[in-house]
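Good morning, colleagues. Please take a moment to look at the sequence and the structure, and I shall then guide you through them.

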Amino acid sequence: ERMSATLAERVTAAVASASGPRAQMEAATLAFFRFVAEQPRLWEVLAFDTGPFSSDAAAIRRNQNLVVTGLLVAAAQRGGAAADPRRASALASAVNGAVEALARWWHDHEDVAPEELTSLAVRLLLPGLEELLAA
């Protein structure tokens with residue numbers, strides 16, 4: 001629970017410190033990858049363990065989805081769009097799933113820098129988010 005709160009705080013603070021959608025997504029994604037790099041054993045348990053901690057991992061994912069949902073709703077509102085919480089929740093789940101998949105891939109490709117993973121994630125996800133949040 002403490003690590004889940006720490007991750008949420010880092011992602012939220014990263015978004016707050018950046019200006020504009022691209023910079024905010026880059027900051028949030030980089031905060032996630034740096035957290036994974038700093039907490040490799042925790043990440044292994046969350047990403048790969050199906051044992052006694054799987055319900056804890058699911059709770060952390062739900063919390064992270066809530067955090068990202070809130071950030072997406074706020075982004076839509078700043079852009080002047082009507083914020084649909086259900087749509088934002090679906091998008092948060094997709095974003096988190098994609099970023100987690102990159103982090104799992106990273107587990108076997110540790111020579112890749114967090115900044116490179118961040119660039120891949122942002123270039124893949126941001127165009128769709130911008131379109132869907134503006135609708």
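Let me begin with a term: a contact means heavy atoms within 4.5 Å. What we have here is a predicted model, in which local features need pLDDT of at least 70 and side-chain atom pairs count only at pLDDT 80 or more, while totals for chains, interfaces and linings use all residues. Residues are numbered from 1 along each chain as its sequence is written, and side-chain values use heavy atoms, with hydrogens and water left out.

I turn to the overall fold. Helices (H or I, at least four residues) and strands (E, at least two) are DSSP runs, numbered from the N terminus. The protein chain has six helices and zero strands, and its elements, read from the N terminus, follow the order α-α-α-α-α-α. The radius of gyration of the protein chain is 14 Å, close to the 14 Å that the globule rule gives for 135 residues, so the chain is as compact as a globular protein of that length. That radius is taken over C-alpha atoms, and the globule rule is 2.2 Å times the number of residues to the power 0.38. The C-alpha trace of the protein chain spans about 45 × 30 × 20 Å along its principal axes.

For burial, the cut-offs are these: buried means under 20% relative accessible area, exposed means over 50%, and partly exposed lies in between, with a 1.4 Å probe and protein chains only. Of the 135 residues in the protein chain, 38% are buried. Among the contacts in the protein chain with a separation of 6 or more, 67% come from residues 24 or more positions apart.

Which residues of helix 3 are buried? In helix 3, residues 40–48, they are Trp 43, Val 45, Leu 46 and Ala 47. The cover over the buried residues of helix 3 includes helix 2, helix 4 and helix 5.

Next come the aromatic rings. A pair of aromatic rings is described by the distance of the centres and the angle of the planes. Rings of Phe, Tyr and Trp (its six-membered ring) pair if their centres lie within 6.5 Å; planes under 30 degrees apart count as stacked, over 60 as edge-to-face and the rest as tilted. The structure contains two aromatic pairs. The ring centres of Phe 32 and Phe 33 are 5.6 Å apart and the planes stand at 65 degrees, so this pair is edge-to-face. Phe 32 is buried, with a relative accessible area of 9%, and Phe 33 is buried too, with a value of 0%. For Phe 33 and Trp 106, the centres are 5.8 Å apart and the planes are at 85 degrees, so this pair is edge-to-face. Phe 33 belongs to helix 2 (residues 21–38) and Trp 106 to helix 5 (residues 85–106), so the pair ties together parts that are 73 residues apart in sequence. Through these ring pairs, Phe 32, Phe 33 and Trp 106 are linked into a cluster.

Helix 5 also holds Glu 100. Is Glu 100 buried or exposed? Glu 100 is buried, with a relative accessible area of 12%. Leaving aside neighbours within four places in sequence, Glu 100 is in contact with Phe 32, Trp 43 and Arg 61. Glu 100 and Leu 46 are 54 residues apart in sequence, and their C-alpha atoms are 9.9 Å apart in space.

Moving to helix 4, residues 54–78, we find Leu 72. This leucine, Leu 72, is buried, with a relative accessible area of 9%. Not counting residues up to four places away in sequence, Leu 72 touches Ala 88, Leu 91, Ala 92, Leu 129 and Leu 133. The C-alpha atoms of Leu 72 and Leu 129 are separated by 8.7 Å, although the two residues are 57 apart along the chain. Helix 4 contains Ser 55 as well, and Ser 55 is partly exposed, with a relative accessible area of 48%. The C-alpha atoms of Ser 55 and Ala 81, 26 residues apart along the chain, are separated by 35 Å.

Finally, Leu 132 is placed in helix 6, residues 114–134. Leu 132 is partly exposed, with a relative accessible area of 34%. Apart from neighbours within four places in sequence, Leu 132 is in contact with Arg 87 and Leu 91.
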